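Hello,

As promised, I am passing the structure on to you. Have a look at it below, and then read on for what turned up.

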Amino acid sequence: MANEHGGHRERVRKKFLLNGLDVFEPHEALEMRKLGCAVIANLGGHSEEDYLTGAEMLNGCDIDILELNISCPNVKSGGMAFGTDPDQAADITAKVKAVTRHPLMVKLTPNAGDIVAVARACEEAGADGLALINTVLGMAIDVRAEKAVFNNVYAGLSGPAIMPIALRMVHQVAHAVDIPVSGLGGISTAEDAIAFIMAGATTVQVGASTFRDPMAMVDIIKGLEEYAEKKSLKNIQDIRGIV
């Protein structure tokens with residue numbers, strides 16, 4: 001039994017290496033560090049073993065924060081995402097917290113029935129911070145081919161279309177927990193980022209917009225500086241949670 005367990009762990013390790021972990025530390029993480037950026041590693045998985053093995057492997061990496069993506073489907077629970085259920089979310093958070101040497105930020109799924117309950121469960125389980133939201137479950141149909149566009153039928157929707165949903169959830173969670181909240185979901189301008197900060201976000205993340213414009217984040221930072229100067233703010237955090 002012990003050999004079988006050890007063999008499974010080795011297969012999981014190889015899977016992470018094949019998915020880029022072997023080049024993350026000597027290449028991507030190193031380049032980000034050269035730029036003076038905080039290095040955050042997003043960890044996903046489809047089983048408890050995936051998360052624990054991945055977190056242990058990342059202990060050897062020079063990163064500042066481990067972001068635990070609990071939007072992934074739990075294969076042992078019929079494919080339901082870890083983050084849709086408060087008990088499952090708390091369980092995996094606590095277990096990863098116990099093995100990681102890094103501060104732990106848990107990324108929440110908007111597909112949870114009660115996002116606040118999940119957020120509080122993660123906080124109580126030891127999360128140092130939360131990030132939300134991940135993609136919203138959506139669908140596309142090719143009417144000419146008369147079939148779903150995606151092989152899995154449903155897929156994650158991101159970009160500006162989900163911003164109102166993300167903003168609402170960040171507002172709910174930020175006012176319900178005592179740990180920092182990183183807001184994301186459709187941010188493409190400085191005004192978008194300001195809205196998330198006003199809703200309670202301590203930090204913001206930009207994803208989809210960088211595919212359209214690699215300089216999007218630079219422009220957003222410049223816009224935040226201009227806003228702070230116009231409003232005579234000493235710190236942009238002065239407006240955090242004012243709504």
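A residue is called buried here if its relative accessible area is under 20%, exposed if it is over 50%, and partly exposed in between (1.4 Å probe, protein chains only). By that rule, 40% of the 243 residues of the chain count as buried. Please keep in mind that this is a predicted model, in which local features need pLDDT of at least 70 and side-chain atom pairs count only at pLDDT 80 or more, while totals for chains, interfaces and linings use all residues. Residues are numbered from 1 along each chain as its sequence is written, and side-chain values use heavy atoms, with hydrogens and water left out.

First, the overall picture. Helices (H or I, at least four residues) and strands (E, at least two) are DSSP runs, numbered from the N terminus; the chain has 8 helices and 10 strands. With contact meaning heavy atoms within 4.5 Å, 65% of the contacts between residues at least 6 apart in sequence join residues at least 24 apart. The chain exposes about 13200 Å², of which carbon and sulfur atoms supply 55%; these areas come from the Shrake-Rupley method with a 1.4 Å probe, and for residues only the protein chains shown count as cover.

Next, the sheet. Two strands pair if DSSP finds at least two bridges between them. Six strands form an open sheet in the order E1-E2-E3-E4-E9-E10, with parallel pairing. Its edge strands are E1 (40-43) and E10 (203-204), each of which pairs on one side only. Inside the order, E2 (residues 65-69) runs parallel to E3 and is joined to it by 4 bridges, and Leu 66 stands opposite Leu 104 in E3.

His 102 sits in the loop between helix H3 (86-99) and strand E3 (104-107), and is buried at a relative accessible area of 4%. A polar atom of the His 102 side chain lies 2.9 Å from the backbone oxygen of Leu 58, and one lies 3.5 Å from the backbone oxygen of Ile 63.

Helix H4 (residues 115-124) is worth a look too. Its buried residues are Ile 115, Val 116, Val 118, Ala 119, Ala 121 and Cys 122, and they pack against H3, E3, E4 and helix H5 (163-174). At the start of H4, a side-chain oxygen of Asp 114 comes to within 3.2 Å of the backbone nitrogen of Val 116. Just after H4, Gly 126 has a positive phi of about 115°.

Finally, some backbone details to check. The peptide bond from Leu 132 to Ile 133 is cis, with omega near 15°, and Ile 133 lies in the loop between E4 (129-132) and E5 (136-139). Two residues other than glycine have positive phi: Glu 146, near 60°, and Ser 232, near 55°. Glu 146 is in the loop between E6 (141-142) and E7 (147-148) and is exposed at 70% relative accessibility. Ser 232 follows helix H8 (216-230) and is exposed as well, at 65%.

Best wishes

Notes: Polar contact = N/O pair within 3.5 Å; in protein donor to acceptor, adjacent residues only side chain to side chain.
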